[in-house]
Amino acid sequence: MELIGYSCSYIPVELLSLTGLKPYRLLHGDLQLSQKGERIVRVDACPLVKSNLGFVFENQKRFACIIGSTGCDMSRRMIEAIKFTTSIPVYIFNNPRTDNFEIFSNEIDMLIKELEHFFHRKFDKNLIHQESERIENIRQNLRQIDARRRTNPSLLSTATFQKIVISYLQGNFGDIKSEIPEEMSYKPRVYLLGSPVSYESGPIIELIEKRLRICGDFNCGLSRALYIKVVEKTIEGLKQAYFKQPPCIFKRPNKGLYEYVEKDLKETKSTGIIAFVLDYCDNFDFEIAKMEKRFSLPILKLKSDFSLQNISQLKVRIDAFIEVLASYRGGIV
């Protein structure tokens, strides 16, 4: 076994890596995997959850255990489905939806005890410090790479950036490269937000970037986890950094999310927003109208089940959105 799976950016990668295994974020979005997941969850379940289930079923022998979270109801059900249909040990991290640091702190303490007990290891201060420093240096390198995507003109496509970030999310830290060819672009700058971007979403990102440049995002699967900055290399430092990360849409109140995105839209000089929303991901669906009012930028909403059957329709909608962006910049819309 080589992997310790996890499903949420609030679960510290440093603690998972201390087990000696690769921390592997469950972020699959493939139609065939999804169909395998449908054998045990409803057809109208989240396509990300169904795909992750399909991947876990196919790779059971690679996982020593999987840490889930209470981020959304379907995410929790995914862990329960794994528990009842495989022999993989699972643990559910209770990520509080309210702004309550004490609960979060207690949950981290319990997670550490579970990991130490299960893997027969003691996470002492020196180990915590060394691993925190190692992972933080990796994230800092990735943030510097991301800065090339965000600059104006943008020097790196999100399609390329995603391929680099996947190495981090799958625990292949040694595969992350610093030398990347320049991809300067003067295409209209847009910001991507919404549901998680899966490992298999590359063709959709490439389709968008044929006519536009995604210069910033608020998505799991892209840059969000990279902006967790661990300053103090201790357990307390990890708790503070992960608790104060760019806030999840599930948090209530969620004004922190809006403040973060509003600031990021200005910093990236984005002229429009693409909201990537998975089928049955109601949390983002319900927020789109509020986002249109708050951000005062054109928003293109793309619904997806990870299939590419509607690729022609997506092309037409992206072309129409470019016309809207042009009109908006001219003050007509």
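**View 1. Helices α3 and α4 packed together.** Helix α3 (residues 47-58) packs against helix α4 (residues 73-85) at about 25°, and their axes sit 10 Å apart. Helices here are DSSP runs (H or I, at least four residues), numbered from the N terminus; axes are lines fitted to C-alpha atoms over the stretch in contact, with angles running from 0 to 180 degrees between N-to-C directions. The pair is therefore roughly parallel (angles under 35 degrees). This is a predicted model: local features need pLDDT of at least 70, side-chain atom pairs count only at pLDDT 80 or more, and totals for chains, interfaces and linings use all residues. Residues are numbered from 1 along each chain as its sequence is written, and side-chain values use heavy atoms, leaving out hydrogens and water.

**View 2. The largest pocket.** Its volume is about 900 Å³. Of the 40 lining residues, Cys 46, Cys 72, Met 74, Ser 75 and Phe 250 come closest to the centre of this pocket. A pocket is an open set of points on a 1 Å grid over the protein atoms alone, where a 1.4 Å probe fits, with protein on both sides within 12 Å along at least five of seven lines; lining residues have an atom within 4 Å of a point. Grid points are joined across faces, edges and corners, and the volume is the space filled by probe spheres set on them. Helix α4 gives the largest share of the lining, 5 residues.

**View 3. The second largest pocket.** This one has a volume of about 270 Å³. Among its 13 lining residues, Asp 99, Pro 247, Lys 251, Pro 253 and Gly 256 lie nearest the centre.

Technical notes: Helices (H or I, at least four residues) and strands (E, at least two) are DSSP runs, numbered from the N terminus. Angles under 35 degrees count as roughly parallel, over 145 as roughly antiparallel, 65 to 115 as roughly perpendicular and the rest as oblique.
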